[in-house]
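Visitor: I would like to go through a new structure with you. Could we begin once it is on the screen?

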Amino acid sequence: MTPKLFQITGRLAQAIPSVLVVIILSFILTRMLPGDPAVYFAGDMADKESIEQMRRSLGLDRSWLEQFYIYIINLIEGDWGISLTTGQPVTDELLARLPASLELTIFGLILSIAAAVPLGIAAANHKDSWIDHFCRILVTAGVSLPIFFTGLFLVYIFYFLLGWAPSPIGRIDILVLSPPPVTGFYTIDSLLANESETFFASLAQLILPAATLGLFALAPIARMTRSAMLGALKSDYVRTARASGLSRKKILLTYALQNSALPIFTTLGMVFSFLLGANVLVEKVFSWPGVGLYAIEALIASDYAAVQGFVLTMALLFVFVNLTIDIILTLIDPRVGFDD
Amino acid sequence: MQRRKFLKTLGVASGASLIPFLKYVPAEASGNNNTLIVVSGSGINSLDLHRKGTNRPSYQVTVNIYDRLVRFGVKELEDGSLAYDSTKIEPEVAESWVVSNDGRSLTFKINPDAIFWDGTPVTAYDVKWSFDRAVSLGGFPAVQMKAGSMTSPEQFVVIDEMTFRVDTPKSSKLTLPDLAVPIPFIINSKVAKNYATDDDPWSTEYLHKNPAGSGAFKIVRWDPGQQFIYERNDNWLLGPKPGVKRVIVREIPSASTRRALTERGDADLYMNVAAKDAKEFKSEGKVTVSGAPIDNCLHVLALNLDYKPYDNIKVRQAIAYALPYEDIISAAAYGRGKPMFGGSEKIPTNITWPQPFPYSTNLEKAKELLAEAGLKNGFETTLSFNLGLADWQEPTSLLIQESLGKIGIKVKLNKIPGANWRTAALVEKRLPMHLENFGGWLNYPDYYFFWAYKNGHLFNSSNYKNTKVENLVDDTMHMSTDDPQYETNVKEMIAIAFEDVPRIPLYQPFLDSAMQKNVNGYASWFHRQLDCRSITKS
């Protein structure tokens, strides 16, 4: 086995205990939430008797150990339970909502990378020039403006005042039908179905929320790019390349950027996981039917099955993202050869 | 293994959707007067109101897609807004009814024009099956049916195909109006029974996603968490033909976004507008605000008699004199509340309910009463409120805190998350001082007293106990309003509430909705949901 493959298998194996711990923790934590789901779901006028009836039918009169056993058996059978707040099976709901959140996050991240990486490079290349100051202002703004404020502000300007953006009512305009589901990403699905109108409709809905998220993610990426590039530009190999008379472009993009890619990618992984969590506020402002909103509503109602399902999905996703980033890092690290 | 089975069976049933849901939204949807676009803050979670855990927004589905034996009429208010009329009961599926001499049986003749969506007629068998279901499934439906003295299937009798009888153990004025609330809706039992199983004899899993009714609208599409769409049932003959063909109810979680959509004209109707937005919509004048005070509903400050010093009537009255009523109405209710203070008589002269209590802000009087109670230097206490209702409860609490500070009562605020609220306030009743907002569906003062002043009852979060009230409520609850004793009893109840003030009313809240100027026919309902049948768009 090559060391790289060995490393990757090792990382995969490490993920298993973290998932197990998450399952146990999410089970215990949801049950420690204040609030009593039996009372909540028994309804407005429920008396003691109907609350007890509710508790029995939810299985909450059993011991925790018994409940946990049932939960594990159901999980193994692929049954994540029914969410009481929405009345739908948790798996159905997560499968429908996760792509919405992912599409938004990925699109936001792409926007953010497209702006932050060139900005960071330019700022490092022209240290203390106007572009460096501009980068500093943008980064400070991105970090210090609360995400719901940016969202509402953009809605106010581009939808309410100017009328350029479509109404912030979710993934697609009321008039346009959602594309036949394949991946759950409306932009991709509409392209697969060859429906350009749907594609542009869903893209238009994406722009404002993605820009809100992007502005938020801009700061860490731009800053990391700038400092990594500054470090690389000061290094011996860049000095040598300069002395050898290589072109400025070649030095910047090949030698400096490639060596800065490691910290940038690590930051990207972190930012992505972070954005998935920060999503919830954007989802609220833009009525985006994503997992964040789902989780908040479930938490408010002490909806055990939904909260557990959400935590588990997020944990799996984090493990997956970290794993992918680790693998990419091993693959692109110039210090590690490909064939040992 | 009960829970497992419960979850599993549900999982199987909800996987398959059996009604032909609309695959697309026809292109003519918006911008014309056939389609109404409604924005709402919270989504529905079931199409079946009898199911366990069905949330409040889902009640509107039942109202629009199912019929009941009878319904309430609609009246016009002074400002031109429309509201339901609790005193007027009109036929719906029942074309007529007679009450037996002893008042214990109601016999309904079913209208032959009542037709289910599948074309079969509504029969007494369907009514019986639906009513049996409402009393048998437990939970909220059973509690609401009980208010109308209906607790067991034996009370529902099929006389023949088109005649149906309800028997009650005693004659009660609440039975007939209780048949007009959303709960006793009529299901197509022939369809529903096909999906009944031994574990689920009432087809709750099927009806959760697949309605089977006769109502003026059908549900053609439901995307949980996003929207649902009603389409008019053109064969409905039980009332005037609804003015719009299609209603799209879109879930928009952020209130700011709902407001922007309404102001921009992208939404036709915004249900349940917060008081602040309603006030601003009204002053801007771009959209119509239609609202009415919610019948039989009060926002109150409740004092828990199980905690000292609230067991002392003088302390309760002192607090009633120390509340900043006017500030609360202007700064917390934004003027969208009917004053319930400053009444002139200690003994009520009429039975209007709710009516102003004989207290108004008078700090001197409050200090005097506190001194009489031996608490000249005040005391410390905790005021709890529900974070889920923070829009009015937070400013109200702050105003109360400030005002009580002036008579030496140091108030600490305690915010309780929505999920925990019901347990703490209503079930365990362990909050010394708190805000409460009960409203009764059936518009009778004695019905309010039944829930909010009888010891041990859910909304009596004050642990108030008064044998006189207990007896009065028991005697009056089922009494006809024509009974000469009725007025005497209700006045006596109200007088006791005035004197004892375990619940100090702050104001009667409004239910406000905002709509474009071309939307007409909107009416406020006691169930606080949208009845699409009366809406027209020009």
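Guide: Of the 340 residues of chain A, 42% count as buried, a residue being buried if 20 or more other C-beta atoms lie within 10 Å of its own, exposed if 12 or fewer, and partly exposed in between, with C-beta atoms placed from the backbone. This is a predicted model, in which local features need pLDDT of at least 70, side-chain atom pairs count only at pLDDT 80 or more, and totals for chains, interfaces and linings use all residues. Residues are numbered from 1 along each chain as its sequence is written, while chains are lettered from A and ligands numbered from 1 in the order in which they are written.

Visitor: How many helices and strands does the secondary structure of chain A come to?

Guide: Chain A has 13 helices and 0 strands. Helices (H or I, at least four residues) and strands (E, at least two) are DSSP runs, numbered from the N terminus. The C-alpha atoms of chain A fill a box of roughly 85 × 60 × 40 Å along the principal axes.

Visitor: How many residues of chain A are in contact with chain B?

Guide: On the chain A side there are 52 residues, in contact with 49 residues of chain B. Two residues are in contact if their C-beta atoms, placed from the backbone, lie within 7 Å.

Visitor: And which helix supplies the largest share of that side of chain A?

Guide: The largest share, 6 residues, comes from α3(A). The residues of the side of chain A that touches chain B divide into 29 nonpolar, 16 polar and 7 charged. Here Ala, Val, Leu, Ile, Met, Phe, Trp, Tyr, Cys and Pro count as nonpolar, Asp, Glu, Lys and Arg as charged, and the others, Gly among them, as polar.

Visitor: Let us look at one helix. Where does α7(A) bend?

Guide: The bend of α7(A) is at A:V155 and amounts to about 25 degrees; it is the angle between axes fitted to the seven residues ending there and the seven starting there. This helix has 15 residues and reaches 20 Å from its first C-alpha to its last, close to the 21 Å expected at 1.5 Å a residue. The expected span is 1.5 Å times one less than the number of residues.

Visitor: What covers the buried residues of α7(A)?

Guide: The cover includes α9 (196-233) and α11 of chain A together with α8 (255-264) of chain B. Among the buried residues of α7(A) are A:L152, A:L154 and A:V155. Just after α7(A), A:G163 takes a positive phi of about 70 degrees.

Visitor: Now chain B. Why is α3(B) described as largely enclosed?

Guide: Because 10 of the 13 residues of α3(B) are buried, the rest of the structure largely encloses this helix. The buried residues include B:W129, B:F131 and B:R133. They pack against β5 (105-110), α4 (139-147), β6 (156-160), β7 (163-167) and α6 (189-193) of chain B. Just after α3(B), B:G138 has a positive phi of about 75 degrees.

Visitor: How many residues has the largest nonpolar core?

Guide: That core has 211 residues, and those with the most contacts inside it include A:I221, B:V38 and B:L269. A nonpolar core is a set of buried Ala, Val, Leu, Ile, Met, Phe, Trp, Tyr and Cys residues joined through C-beta atoms within 7 Å. With 17 residues, α9(A) gives the most to this core. Apart from it lies another core, of 27 residues, among them A:I51 and A:F310.

Visitor: Is B:I494 buried or exposed?

Guide: B:I494 counts as buried because it has 23 C-beta neighbours inside 10 Å. This residue is found in helix α17 (residues 484-500) of chain B. Leaving aside neighbours within four places in sequence, B:I494 is in contact with B:P348, B:W353 and B:P445.

Visitor: And what of A:F134? How far apart in space are A:F134 and A:E195?

Guide: They are 40 Å apart, C-alpha to C-alpha, and 61 residues apart in sequence. A:F134 is partly exposed, with 13 other C-beta atoms within 10 Å.

Visitor: Lastly, what is the mean pLDDT of chain B?

Guide: The mean is 89, and 94% of the residues of chain B reach 70 or more; pLDDT is the predictor's confidence in each residue, from 0 to 100. Over residues 1-30 of chain B, however, the pLDDT is below 50. The model scores ipTM 0.78 and pTM 0.84.
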